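Please open the model in a viewer and keep the selection panel at hand.

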Amino acid sequence: MSTDYVFGIHAVSAFMERAPEDVLELFVLKDREDQRMQPVIQLARKSGVSVQFCNRKTLDDKVNGAQHQGVVAKARLHDAGDESDLARIVEREAAPFLLILDGITDPHNLGAIIRSADAAGVHAVIAPKDRSVKLTAVVRKVACGAAESVPFINVTNLARTIRQLQEAGVWVLGAAGETDTTIYQAELTGPIALAMGAEGDGLRRLTKESCDSLVKIPMFGAVSSLNVSVATGICLYEAVRQRQAK
């Protein structure tokens with residue numbers, strides 16, 4: 001567990017609601033006690049968290065100039081899980097629904113993806129330790145609290161992890177353009193893991209070769225690709241549709 005700052009009204013509110021015992025201090029912009037901020041302040045005081053009212057520069061300095069919306073919490077943050085945590089999740093769930101991210105480096109994209117994963121009921125988000133963004137404060141802000149509810153698993157070797165998932169009965173589908181099978185034609189029920197590639201480059205060759213099958217989102221306009229967070233949301237909710245219909 002590490003200590004860092006969580007900022008933004010939605011992110012701080014969600015953290016306060018889920019783990020108030022891990023919030024060490026709350027910093028609020030002076031004169032910012034409006035209708036949106038009051039519930040956060042009241043929750044902090046109810047939980048015995050010290051509330052300090054600061055000027056904007058003090059808050060800006062704490063988060064290196066990021067958009068904090070007038071509220072910053074100093075908190076104990078749970079570290080990412082590892083392969084053993086993933087194994088427990090797979091064993092626990094009757095039909096694991098997993099998301100694999102191969103080299104996502106933009107914190108805003110990762111935050112949006114985690115938010116979609118939470119909404120879709122994903123049991124864990126898996127990413128390699130190297131060449132991918134970590135659970136930074138910016139990721140947590142964009143995720144609007146979802147980073148505290150969806151297990152985020154960092155693995156050393158993604159191809160090896162995929163093999164282990166397959167051995168556990170999980171079907172791994174990779175999103176890639178070089179296939180004729182669309183996401184709507186694929187079978188997305190049962191134990192599955194969706195693998196999404198990095199912005200611009202897509203899945204790495206070894207990751208792609210490790211997948212059981214490849215799928216694509218059909219494109220009908222002038223553009224040839226979608227932002228990875230948008231593409232992930234589309235794929236996740238096609239899986240949700242199929243899994244609920246079964």
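Begin with H1 and H2, which are roughly parallel to each other because angles under 35 degrees are counted as such, over 145 as roughly antiparallel, 65 to 115 as roughly perpendicular and the rest as oblique. The model is predicted, so local features need pLDDT of at least 70 and side-chain atom pairs count only at pLDDT 80 or more, whereas totals for chains, interfaces and linings use all residues. Residues are numbered from 1 along each chain as its sequence is written, and side-chain values use heavy atoms, with hydrogens and water left out.

**First stop: H1 and H2**

Select residues 9-18 for helix H1 and residues 38-46 for helix H2. Helices (H or I, at least four residues) and strands (E, at least two) are DSSP runs, numbered from the N terminus. The axes of H1 and H2 come within 10 Å and cross at roughly 30°; axes are lines fitted to C-alpha atoms, for helices over the stretch in contact, and angles run from 0 to 180 degrees between N-to-C directions. The crossing of H1 and H2 is left-handed, that is, the near helix is turned anticlockwise from the far one by less than a right angle (clockwise would be right-handed). Display Val 12, Ser 13, Met 16 and Glu 17 of H1 with Val 40, Leu 43 and Ala 44 of H2, which make the contact (heavy atoms within 4.5 Å). These residues divide into five nonpolar, one polar and one charged; Ala, Val, Leu, Ile, Met, Phe, Trp, Tyr, Cys and Pro count as nonpolar, Asp, Glu, Lys and Arg as charged, and the others, Gly among them, as polar.

**Second stop: H4 and H7**

Next select residues 83-92 (helix H4) and 158-167 (helix H7), which pack at an angle of about 25° with their axes 11 Å apart. That makes H4 roughly parallel to H7. Their crossing is right-handed. Glu 83, Leu 86 and Val 90 of H4 meet Arg 160, Thr 161 and Leu 165 of H7, a set of three nonpolar, one polar and two charged residues.

Select helix H5 (residues 107-120) and helix H9 (228-245). The two pack at about 10°, their axes 9 Å apart, and are therefore roughly parallel to each other. On the H5 side, the contact includes Asn 109, Ala 112 and Ile 113; on the H9 side, it includes Val 228, Ser 229 and Thr 232. The contact residues comprise nine nonpolar, five polar and no charged.

**Fourth stop: the pockets and the cavity**

On a 1 Å grid over the protein atoms alone, a cavity is a set of points where a 1.4 Å probe fits but cannot get out; a pocket is an open set with protein on both sides within 12 Å along at least five of seven lines, and lining residues have an atom within 4 Å of a point. Grid points are joined across faces, edges and corners, and a volume is the space filled by probe spheres set on the points.

Which residues lie closest to the centre of the largest pocket? The space there is about 530 Å³, and of its 24 lining residues the closest to the centre are Ala 175, Ala 176, Gly 177, Ser 225 and Leu 226. H9 gives the largest share of this lining, three residues.

The second largest pocket holds about 320 Å³; centre the view on His 78, Ala 147, Glu 148, Ser 149 and Val 150, the closest to its centre of 19 lining residues.

Finally, select Leu 101, Ile 104, Leu 110, Ala 127, Ser 132, Val 133 and Phe 152, which line the largest cavity, with a volume of about 30 Å³.
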